[in-house]
Every structure is written in structure tokens, then in C-alpha cells.
Amino acid sequence: MASSEDLESSKKQYDTFAPVYLSIDQLPASKLETQQILTALGDCTGLHVLDLGGGNGLHAREAVRIANAASVDVVDISREMLLAGQALEATHTQETGQASKIRWFEADLSKSLDEQAVSSLDGKDSEKLRTEEGYDIVMANWLFDHATSAECLKAMYANVARYLKPHGGRFLGVRVTKLAVGYLIPGKGKAKYGVSFKDVEKMADGLDGWTYQVGMVFDPTGQADPFYFGASSMNETLRLKDGEEGGVGREVGLSQFWVVPPAEMELVKNDPEFWAEYMEEPYMAVVVARKE
């Protein structure tokens with residue numbers, strides 16, 4: 001499992017930059033990610049969605065407002081990220097008169113949700129996760145790239161499977177696929193897709209993975225400093241090839257894995273020259289699977 005120091009560090013960093021993170025959807029890579037996720041979601045009319053590690057609810061809002069999900073429950077370790085998303089929803093409700101379909105829960109996803117007191121951000125005892133009914137879709141976007149051990153990764157996958165409805169419940173998630181890619185190197189004129197990686201190091205204590213810093217680059221000219229946050233990826237997920245998402249995912253009952261092809265997204269089709277470097281070596285994948 002993740003150590004208490006790892007958990008506190010992760011929580012603190014997201015609490016700190018929660019206000020800045022609201023602008024992440026403006027980055028080119030984030031826009032591509034959104035198109036891939038919406039493709040994976042499809043029409044969510046009448047469906048209930050669980051968003052694990054959903055932060056401020058960027059993709060939860062897309063699931064509700066664009067894909068027409070009946071409801072989305074967001075779970076995250078960072079209270080400040082959740083509060084930022086809740087505030088956005090409150091503003092939307094005030095402006096449109098439409099009741100929010102998103103609920104917010106604070107919990108540690110490196111542990112079993114069944115073994116902890118998952119608290120509603122509103123403090124309402126009546127607000128609980130759909131433990132018995134399950135969810136039609138469970139999202140875990142970038143969650144696995146915060147696993148600090150094999151045990152931690154397994155616990156994250158187990159939470160996904162635990163809350164998916166059996167016999168067809170759908171999982172989708174974004175994960176890192178490559179750490180050493182030229183366009184991810186920090187520096188002036190680099191990170192044209194809005195993301196950079198630095199300080200990539202092998203995990204300590206013989207663990208089979210990597211730690212690194214992820215930079216959100218809002219000014220690719222290099223005139224303004226990016227903000228960085230820590231991440232960690234196990235080789236269990238990094239070494240997987242498209243369509244071969246075996247290992248832990250299959251162990252918890254997921255199957256029919258496939259990867260949403262970025263080449264089919266309108267963003268790439270409309271500007272293939274801009275996306276040429278990325279298409280040669282994509283650093284992320286949007287993965288979809290079904291629960292058996």
C-alpha cells in the first residue's frame with residue numbers, strides 16, 4: 001500500500017494547486033484527452049458514473065453535460081480539488097437553474113473503499129456511494145499513475161472492479177504510456193502540447209516503477225514557469241501495448257480491453273502537422289474495458 005507519507009504528499013500537492021488546475025482543460029493534450037474520453041463514454045443517457053480520482057470534476061462535467069449521464073459521483077483524496085469542482089457546479093446551477101447531477105466524496109483510493117469511511121463533501125450521512133447497485137461506468141483517469149507500489153496499483157484496480165456492475169459494466173481510464181519522449185522535455189519552445197516530464201527516476205527500494213514530475217505548461221514559449229506535481233507509474237502499466245492491458249486489470253475481472261485511437265479524433269484530423277510528433281509516440285492512452 002501507499003505509505004502515509006506518500007498519501008499526505010499527494011493530498012498536499014493537489015490541495016495547493018487546486019485553483020490553478022481549473023485551467024488544465026485549455027492545454028492541447030487535455031483537449032485531445034477530452035475528445036478521447038467522450039468517445040469512450042458515448043451516449044450515457046440513464047447511466048450512473050463513478051469518477052475515481054476525479055479531482056475537480058473536469059470529466060464528470062463532460063459526462064453529465066455532453067454525454068448526458070444520469071449522475072456522476074466523484075471520489076478524490078484532495079478536499080480542495082473537490083471543493084473547487086463543487087464551486088463550479090454551484091455557479092452552473094445558479095446560472096442555468098439546473099440541479100447538479102454530480103456528488104463529491106473524499107477518500108483514499110489506494111485502499112479499499114469498503115474498508116474506510118467515505119465521506120460526502122456536504123457532510124450528509126444520506127449521501128452514499130452506490131455500493132449495492134453499482135455503476136454502469138467507472139472512470140479512473142490518471143489514477144494508476146499515482147500508484148507507489150504493486151499493492152497500491154492492485155487496490156486501485158480492485159476499487160474499479162468492485163463498483164462496476166457485473167456482466168458489461170464499463171471501465172475507462174487515462175494512463176501514461178511513455179516517460180522518455182522528446183516533446184515532453186522541459187525547455188523553451190518545448191512542451192507544445194502543454195505537458196512536460198522531468199526528474200524521472202527509478203523507484204527506490206527495488207520497486208518496479210518510476211517517479212517523476214509532471215509539468216503543466218500554460219506558456220510553451222517558456223516565458224512563464226509551468227507548475228509541477230509528483231507522479232509515479234509502475235512498469236505493470238507502462239510496458240503494456242495497445243490492446244494488451246493484461247495483468248492486474250484482468251486479475252480483478254476486467255476484459256475486452258481496447259485503446260481509443262487518437263488518430264480518429266477531430267483535433268488530430270484538423271491539424272495533423274501540429275500533432276505529428278505526438279502521433280509518432282503518444283505519451284498517454286485512453287483505455288476501455290468491460291467487467292466480466
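1. Aromatic pairs. Searching the whole of this predicted model turns up 15 aromatic pairs. One of the ring pairs joins phenylalanine 144 and phenylalanine 171: their centres are 6.1 Å apart and their planes meet at 40°, so the pair is tilted. The pair connects distant parts of the chain, 27 residues apart. Phenylalanine 144 is in the loop between β5 (137-139) and α5 (150-163), while phenylalanine 171 belongs to strand β6 (residues 170-176). Phenylalanine 144 is buried at a relative accessible area of 3%, and phenylalanine 171 is buried at 2%.

2. Tyrosine 278 and tyrosine 283. These two rings have centres 6.0 Å apart and planes at 90°, so the pair is edge-to-face. Tyrosine 278 counts as buried, with 1% relative accessibility; tyrosine 283 is also buried, with a relative accessible area of 4%.

3. Ring cluster. Tyr278 and Tyr283 are among the members of a cluster linked by ring pairs. The cluster also includes Trp142, Tyr183, Tyr193, Phe197, Tyr212, Phe274 and Trp275.

4. Charges over rings. The charged end of arginine 130 sits over the ring of tyrosine 135, at 5.9 Å from the ring centre. Lysine 198 lies over the face of tyrosine 228, and here the distance to the ring centre is 4.0 Å.

5. Alanine 276. This residue lies in helix α9, which spans residues 276-280. Alanine 276 has a relative accessible area of 34%, so it is partly exposed.

How values were computed: Residues are numbered from 1 along each chain as its sequence is written. This is a predicted model: local features need pLDDT of at least 70, side-chain atom pairs count only at pLDDT 80 or more; totals for chains, interfaces and linings use all residues. Side-chain values use heavy atoms; hydrogens and water are left out. Helices (H or I, at least four residues) and strands (E, at least two) are DSSP runs, numbered from the N terminus. Buried means under 20% relative accessible area, exposed over 50%, partly exposed in between (1.4 Å probe, protein chains only). Rings of Phe, Tyr and Trp (its six-membered ring) pair if their centres lie within 6.5 Å; planes under 30 degrees apart count as stacked, over 60 as edge-to-face and the rest as tilted. A charge sits over a ring if NZ of Lys or CZ of Arg is within 6 Å of the ring centre and within 35 degrees of the ring normal.
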